[in-house]
Amino acid sequence: MSHSPILIIIIPLISSFFVPLIGWRKKNLCYPLVVLALFISSILSLYIMGSVITHGSIYYRLGGWEPPWGIEYRIDYLNGFMAVIVSFISFLVAIYSRRSGEQELPDRIVHFYCIFLLLVTGLLGMVVTGDMFNLYVFLEIASLAAYALIAIGEDGALMGSFNYLIMGTIGACFYLLGVGYLYIVTGSLNMNDLSQILPGLYHSRVVRTAFALFIVGLALKMGLFPLHTWLPDAYTHAPSAVSALLASVMSKVSVYIMIRIMFTVFNPYFSIELIPITTMLSWTAGIAILFGEIMAIVQPDLKRMLAYSSVAQIGYIVLGIGLANTMGLTGSLLHVLNHALTKGCLFLGAGAITYRRGTRDIRQLGYLHVEMPFTMAAFTIAALSMIGIPPTCGFFSKYYLILGAIDARQWIWVIILLLSSLLNAIFFFRVIENAYFKPLGVIHESSYDRGEQEEANEVPLGMLIPILALAAAIILTGIFSGKIISTIIQFAIPEGI
Amino acid sequence: MIEYIISKYNYWIYIVLMMIGFYAMISKRNLMKKLIGMTIFQTAIILFYISIGVKRDATIPIVPEHSHEAIKALEYVNPLPHVLMLTAIVVMVSTSGVALALLIMIYKRYKTIEEDEILKLRQEAGA
Amino acid sequence: MDIISIRPLLAVLMGMIGAFFILLAGERHKNIREFSTILASVAKFLLVFSMVPFVFEGKTLVYDLITLAPGLLLEFKVDTFGIFFGVLASFLWIITSIYSIGYMRGLQEHAQTRYFFCFAMALSATMGIAFAGNLLTLFIFYEILTITTYPLVVHKETAEAIKAGRKYLVYTLTGGVTILFSIAFTYHLTGSLDFVGGGFLQDHGSKNVLTLLFITFILGFGVKAAIMPLHEWLPTAMIAPIPVSALLHAVAVVKAGVFGCLRVILYVFGPALLHELDLWWMLAYFVSFTIVVSGIFALVQDNLKVRLAFSTINALSIIILGAALLSPSAVKGGILHIANHGFMKITLFFCAGAIYVKTHKEKVSELDGLARQMPFTMGSFAIGAMGLAGIPPICGFISKWYLCLGALEAHEITFLFVLLISAMLDAAYFFPIIYNSLFKRSQEINPTFNEAPWLILVPMLIAAIISIILGIAPDAFVHFFKMAALIGQNTLH
């Protein structure tokens, strides 16, 4: 088990190699293989998290090479926590992907699984690695897989994917340049090593340029306003399982790297005191929240609405980073988890609705609660979490963010956070209202009769179980958020905040 | 001033190349041109990395097995940036590969790779 | 003295358990569904009732469920005020459940499972509000209450109902957000959110900050307490089925708002601080405005339910006025009015429902001569109406008496006049209804005896009779009077 940090990456990677081989002879075997691989990864990530909690950080030297020359995987509370989120959400999405994949991409399911596993490999790799260049490689693995996965979606996905590719490449190249600049002045690529060398060089212009390149590159990758332009198209047109994974996990991993670079590679003193980056981040985040939510209100397409809401939610998380105090970062990290669960549930729910109804037009969701009672219940719970209604988890992260803003004495963010709850309520209740209280839309109009009870026509269990599991997780995470904070998040907050 | 520019000419070249690529990616409406811009952009970064490993009058970093002389770092080129670029080139080639595949698909679907025309086609389809 | 007991948790969960069985039974097993509603309501009442003796022994039942955040517990604490509200709401749920069954069956309503489910969940949330030990716990259940009552408002699923639902959400969620801000700010100032009799905010923060905080708190809770100008949602929400209006829009939801206001006034800020900040009279004038204006508004409403809604707005502000005066009798009277108004208003709504089920009439102007057809209904109506106007021996008299005494104790003659004017307005908008139903004649109403079904009649009569009993013996049953006095003692040191 001492090799578990590398195993959680290797297992999906090797499986992604075997998927096409097996799929060539027997298509049906791919699905169990994918689910098994991700299941093992999830269990391993839990094991790693457990041993971080009991024994402290884990250091793993790849190939036995000493850092800073060799690649070191270093897992502490922060990335252990991220690894659990990434592996579990991708496990659930993988379970879901079978039936939705059968409908959305019947003849390409084998390729889909192969790339899906590569995406998870890349994401997990980004999370566990302690080496700046290694991180770039995993970033590109994940991104390339994401471009391909988006492209196999419906009509319009091609352009979305191409735009994402162009923007994503710019982001990744900026990151790479930043690594190069740091390498020029320090000669090191190891994060831990860098963090020890850098404080003496904080006034060097090269270091500052590198920092700026990192932030811009990562902002592009996570879709932070105003660099979000690729995001709505990509999320809307991708297959539903992919949208769920991208929205809930991939953007969060970029956020994680941002936190890592701002507060571990560079120290908080640099990021908070020496340069005005936190102020800039909070302003962009604040605008992102309002912009994303106002755009979401006017969207008729359910998935596009969720995509714009993601822009806003990234704003929440970055706002917490921008506040740069304990409460704010607690809120941020909690929101990373909460948003992963919530957005995952919403996108999977939207996928399920499309699976049965064949449309994502919000105005045509009438009487959905009779047709799909469980999906709609889960969707409603997730929507309430987005709005921030207790005891769902979304409330607690919002609460901490507000506390953080009050602690920082920045009232404008308090107002924006509160206002955003209401904006969220507007577009989520639009969906709920249509689904629960409106008669059937255009499609089923003829068969609509109030007295007559429609038969329930739920999605297959394989799709329903992940949705319900996420909905249950939303409530449980909410109730146990205190426990999560006291055992994990409070230790994940970088020192010196 | 001129001396300052010339003494750091490798950085200037990389910056100029990068900006050309960046310009093409942002402002060209033809998708193939965008892709070309992207490749220039990436190549510029590779050049940057390669140039930072170079030392004047230095040789390749291979140390004879039974050499008894002390190893002087100044005599060898820094191999690490070059090794990194080997990986980066692989990444970039695969990015170009994916992008080209996407372009082919886009062309098959819309019979054009002009962004404006595609947008128009899609709007018509939507309306 | 604190006793750790799981009873408050069970009392809260009982509604949810009931809701679960209601969902399980569904439309197919109507009888089981309705049986589980009744069973849950009775079980909940018994649980709450069993906690009453502890409170009179001066003990507090405490149950810490879980840590929500470092230093913040999801905590239930049954103090006098909590048990007062809990007993009231859980008892009224029993009779409303019986009434609901009669009403829903009588009108053959649709989506009854959703209706009963949401009702049970809303009551669960109400218990949570009553027994919350700190502001965060209270807020959590407060928001659950908002969400679970939304489907009840939209129950009719017509365009008008959906619009009403939207309005309801806009008002209550905005209120909720304001409360959230106030709570976060309180936490920032003190690092604690636990209710303490007499307040815990003293010496935390400057005068301006605390004034602002008090205003945001009152604005937040004031939405559900329907203080003008935040009351708009309540008349609109009257589109909900009548049992919903009866229990939720006259007792559970609006009283939750009032409960929140009172918790803030008496247990967060405390009388001493409010005197120091000179805030109590500002609040008192603010609600006095509501008292008078809502009475005038009620005069001109032709829809019976809307008229009742304005009367509710009036009564809610009277309760808050009692607390705002901060004198022992006023607080006692105000809190007593929570219960008394609950019984009287539910009687009135039940009457409106009985009339609607039997005759499908909703307008005041259509009720001429109805007393001949429905004597019991109109009789109960008269009891409720007279009680609200403060006529002895109905319970409304007792609470208003103490409120007037309280105004005198506080040396504020103005508010005495406000109370008297409001009593006159009460009479002015209720008595014509009684008079017309007795003495006028109408073509449309058949003057032969034809009452509503007994499932509707019995709860209505029970509520009316209790209103009288509480007027004659205010300390009957669970000693509401003694409780109100105790709350006053505990908070106004």
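Predicted model: local features only at pLDDT ≥ 70, side-chain atom pairs only at ≥ 80, totals over all residues.

Reader: Which helix gives the most to the side of chain A that touches chain C?

Author: Three helices of chain A each supply at least two residues to the side that touches chain C: H17 (393–407), H18 (411–437) and H20 (481–492). With 10 residues, the helix that gives the most to this side is H18(A).

Reader: How many nonpolar residues does the side of chain A that touches chain C have?

Author: The contact takes 34 residues from chain A and 34 residues from chain C. Of the area of about 3000 Å² that the two chains bury between them, 74% is on carbon and sulfur atoms. By class, the side of chain A has 6 charged and 4 polar residues, and its nonpolar residues number 24.

Reader: Which side chains meet in a salt bridge across the interface of chain A and chain C?

Author: The rule finds 1 salt bridge across this interface. Its N to O distance is 2.7 Å, and the side chains that meet are those of A:Glu433 and C:Arg166.

Reader: Turning to chain B, how many salt bridges are there between chain A and chain B?

Author: The contact between these chains takes 37 residues from chain B and 29 residues from chain A. They bury about 3000 Å² between them, with 79% of it on carbon and sulfur atoms. There are 5 residue pairs in polar contact, both at pLDDT 80 or more, but the count of salt bridges between chain A and chain B is 0.

Reader: Which three residues supply more than any other three of the area that chain A buries against chain B?

Author: The area that chain A and chain B bury between them is about 3000 Å². Of the part that chain A buries, 21% is supplied by three residues, more than by any other three: A:Leu158, A:Met159 and A:Phe162.

Reader: Which helix gives the most to the side of chain A that touches chain B?

Author: The elements giving two or more residues to this side are helix H5 (132–151) and helix H6 (157–186) of chain A. The residues of this side divide into 21 nonpolar, 6 polar and 2 charged. The helix that gives the most, with 18 residues, is H6(A).

Reader: How far from C:Cys351 is the nearest cysteine sulfur?

Author: C:Cys351 is in no disulfide. This residue counts as buried, at 0% relative accessibility. The nearest cysteine sulfur belongs to C:Cys395, and its distance is 14 Å.

Reader: Is A:Thr121 buried or exposed?

Author: A:Thr121 has its place in helix H4 (residues 109–128) of chain A. Leaving aside neighbours within four places in sequence, A:Thr121 is in contact with A:Ile9, A:Pro12, A:Leu13 and A:Phe138. Its relative accessible area is 1%, and therefore A:Thr121 is classed as buried.

Reader: How far apart in sequence are the parts that the pair A:Asp233 and A:Arg304 ties together?

Author: The side chains of A:Asp233 and A:Arg304 meet in a salt bridge (2.7 Å, N to O). A:Asp233 lies in helix H9 (residues 231–237) and A:Arg304 in helix H13 (residues 302–323) of chain A, so the pair ties together parts whose separation in sequence is 71 residues.

Reader: How far apart in sequence are the parts tied together by A:Arg360 and A:Asp301?

Author: The side chains of A:Arg360 and A:Asp301 meet in a salt bridge (2.9 Å, N to O). A:Arg360 lies in the loop between helix H14 (326–357) and helix H15 (368–371) of chain A, and A:Asp301 in the loop between helix H12 (277–297) and H13 of chain A, so the parts tied together have a separation in sequence of 59 residues.

Reader: In the pair A:Glu72 and A:Arg74, which residue counts as buried?

Author: The side chains of these two residues meet in a salt bridge (3.9 Å, N to O). A:Arg74 is partly exposed, with a relative accessible area of 22%. At 5% relative accessibility, the buried residue is A:Glu72.

Key: Residues numbered from 1 in each chain as written. Chains lettered and ligands numbered in written order. Heavy atoms only, no water. Contact = heavy atoms within 4.5 Å. Buried area = accessible area lost by both parts, 1.4 Å probe. Salt bridge = Lys/Arg side-chain N within 4 Å of Asp/Glu carboxyl O. Helix = DSSP H or I, 4+ residues; strand = E, 2+ residues; numbered from the N terminus. Nonpolar A, V, L, I, M, F, W, Y, C, P; charged D, E, K, R; others polar. Disulfide = S-S within 2.5 Å. Buried < 20%, exposed > 50% of the residue type's maximum accessible area, 1.4 Å probe, protein only. Polar contact = N/O pair within 3.5 Å; in protein donor to acceptor, adjacent residues only side chain to side chain.
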